[in-house]
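I am opening my notebook to record what I looked up, one topic at a time.

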2 protein chains.
Amino acid sequence: MLEPDMIPGVISAMETCRAIRRFRPEPVPNELIERVVYAATRAPSVSNGQNWAFVAVRERATKARIAALTAPTAIRNIRQILATTTSDSKRRLLEASQRLADSLAEVPVLLFVCATGVDRSAPIDARTWLGVLPAAQNALVAARSLGLGTTLATYHLHDEAGVSEVLGLPPNVLIAATIVMGWPAVPFGPVSRRPVSDVLRWDRW
Amino acid sequence: MLEPDMIPGVISAMETCRAIRRFRPEPVPNELIERVVYAATRAPSVSNGQNWAFVAVRERATKARIAALTAPTAIRNIRQILATTTSDSKRRLLEASQRLADSLAEVPVLLFVCATGVDRSAPIDARTWLGVLPAAQNALVAARSLGLGTTLATYHLHDEAGVSEVLGLPPNVLIAATIVMGWPAVPFGPVSRRPVSDVLRWDRW
């Protein structure tokens, strides 16, 4: 049934690509960041437009400025949700998220996945997101395959204008995703998801 | 430098995950579609919300209805761009896209990646796209690893209301991506992309 060029490691990488929120302090070599971006840019984009750009922030001072702009809102939101959360697994996720936000300035790399040539005077088009978010996912899975931990995060949404200014982005460049990346201080492990039978429909809803 | 649990096949799968637009007529077994959706749902989503659903269309009549709604616009758009395209590689891509649109009713599977719980009375939030498009990319790469060819497509955008009606989607379900999938009639091959040095910036723009 399967093709001879079947590649066995791929789904294993995906299913153990749990969000990593605690990192060892060692820096990530630039060559590995380049390898992750290489993998990201193997993703498709609408008409192969490749309207993407990546900013890899390693400088302590820049990470601290971004953390100062975004982490307080993230932490406030997490605390609000925590106050009413009774599920143990959800509490653990939220507490880990809060620890990550608390230490955002210390994470090894903040990799911003951006869309270029974006008209910011109109609502963002579906094609803009389709053009860059697949690349973000390739980055996560490729990082996992290289032993690097990641979290796909939304810190930029707490102060898009501020983070864009810190990064020096031109006005037509949109941050689509923040990827936190580094050597994991905790094991990779299986992600926790609903079963396929809950989410897959045949031929119609 | 690399971790012991490095997984070697992953980046190979990504770099040979060229869009496949010609398919052999054999159907794709349901178990493999389920495997692809399993891999898709290993992707992260905002706060692990998993607000996603997948509709796998295999029925000839349903594919024909979707093709009738969307392919004519796709073909008209392609012809308009073709009329002014001088680059040979871009012509080949457009001609392949036109062939695919012409035969959309005959492709083995149309897999619609949807976001659930979406407020359609407001512009779609960035978090909605972040919640489902990573899953779409996992589907493409997992399919590649299983020997299945895919194209990430935007047919649904040509008539969202019409396709949603054919699929019977509830009003708060948004189609985020159309994935065309089947056994490839052409070889997998390297994707063509700009070099990393063109798209990666260090610390700031």
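**Entry 1: where the chains touch**

I began with the contact between the chains of this predicted model, and I found that 82 residues of chain A are in contact with 82 residues of chain B. I then looked up the area buried between chain A and chain B, which is about 8,000 Å², and carbon and sulfur atoms give 64% of that area. I noted beside this that the size of an interface is often given as the accessible area lost when the parts come together.

**Entry 2: polar contacts and the side of chain A**

I counted 34 residue pairs in polar contact between chain A and chain B, with both residues at pLDDT 80 or more. I next asked which elements of chain A each supply at least two residues of the side that touches chain B. My list holds the helices α1 (9-15), α2 (30-40), α5 (126-145) and α7 (196-199), and with them the strands β1 (52-57), β4 (174-182) and β5 of chain A. The element that gives the most to this side is α5(A), with 13 residues. When I sorted the residues of the side of chain A that touches chain B, they divided into 49 nonpolar, 16 polar and 17 charged.

**Entry 3: salt bridges**

How many salt bridges are there between chain A and chain B? I wrote down four for this pair of chains, while the count over all chains comes to 15. I looked at two examples by name. In one, B:Arg204 forms a salt bridge with A:Glu59, and the closest N and O atoms are 3.2 Å apart. This pair crosses between chains, from B:Arg204 in the segment after β5 of chain B to A:Glu59 in the loop between β1 and α3 (60-82) of chain A. In the other, A:Asp203 forms a salt bridge with B:Arg58, with the closest N and O atoms 2.6 Å apart. As a reminder to myself, side chains of opposite charge can pair when their charged atoms come close.

**Entry 4: a sheet with a strand from chain A**

I traced an open sheet of five strands in the order β5(A)-β1(B)-β2(B)-β4(B)-β3(B), and its pairing is mixed. The edge strands, each of which pairs on one side only, are β5 (200-202) of chain A and β3 (149-153) of chain B. From one strand to the next, the twist averages 25 degrees.

Which way do β5(A) and β1(B) pair, parallel or antiparallel? They pair in the parallel sense over three bridges, and A:Arg201 stands opposite B:Val55 in β1(B). On the other pairing I looked up, β1 (residues 52-57) and β2 (residues 109-115) of chain B run antiparallel and are joined by six bridges, with B:Phe112 as the bridge partner of B:Val55 in β2(B). I also saw that helix α2 (residues 30-40) of chain B lies across β5 of chain A together with β1, β2 and β4 of chain B, and that it runs at about 150 degrees to β5(A).

**Entry 5: a sheet with a strand from chain B**

I then traced an open sheet of five strands with the order β3(A)-β4(A)-β2(A)-β1(A)-β5(B), again with mixed pairing. Here the edge strands are β3 (149-153) of chain A and β5 (200-202) of chain B. Within this sheet, β1(A) and β2(A) pair in the antiparallel sense over six bridges, and A:Val55 has A:Phe112 as its bridge partner in β2(A). The helix α2(A) packs on the sheet, where it touches β1, β2 and β4 of chain A together with β5 of chain B, and its direction makes about 150 degrees with that of β5(B).

Definitions and conventions
Residues are numbered from 1 along each chain as its sequence is written. Chains are lettered from A and ligands numbered from 1 in the order in which they are written. This is a predicted model: local features need pLDDT of at least 70, side-chain atom pairs count only at pLDDT 80 or more; totals for chains, interfaces and linings use all residues. Side-chain values use heavy atoms; hydrogens and water are left out. Two strands pair if DSSP finds at least two bridges between them. Helices (H or I, at least four residues) and strands (E, at least two) are DSSP runs, numbered from the N terminus. Axes are lines fitted to C-alpha atoms, for helices over the stretch in contact, and angles run from 0 to 180 degrees between N-to-C directions. Contact means heavy atoms within 4.5 Å. Buried area is the accessible area (1.4 Å probe) that two parts lose on being put together, summed over both. A salt bridge is a side-chain nitrogen of Lys or Arg within 4 Å of a carboxyl oxygen of Asp or Glu. A polar contact is a pair of N or O atoms within 3.5 Å; within protein, one must be able to donate a hydrogen and the other to accept it, and residues adjacent in sequence count only if both atoms are side-chain atoms. Ala, Val, Leu, Ile, Met, Phe, Trp, Tyr, Cys and Pro count as nonpolar, Asp, Glu, Lys and Arg as charged, and the others, Gly among them, as polar.
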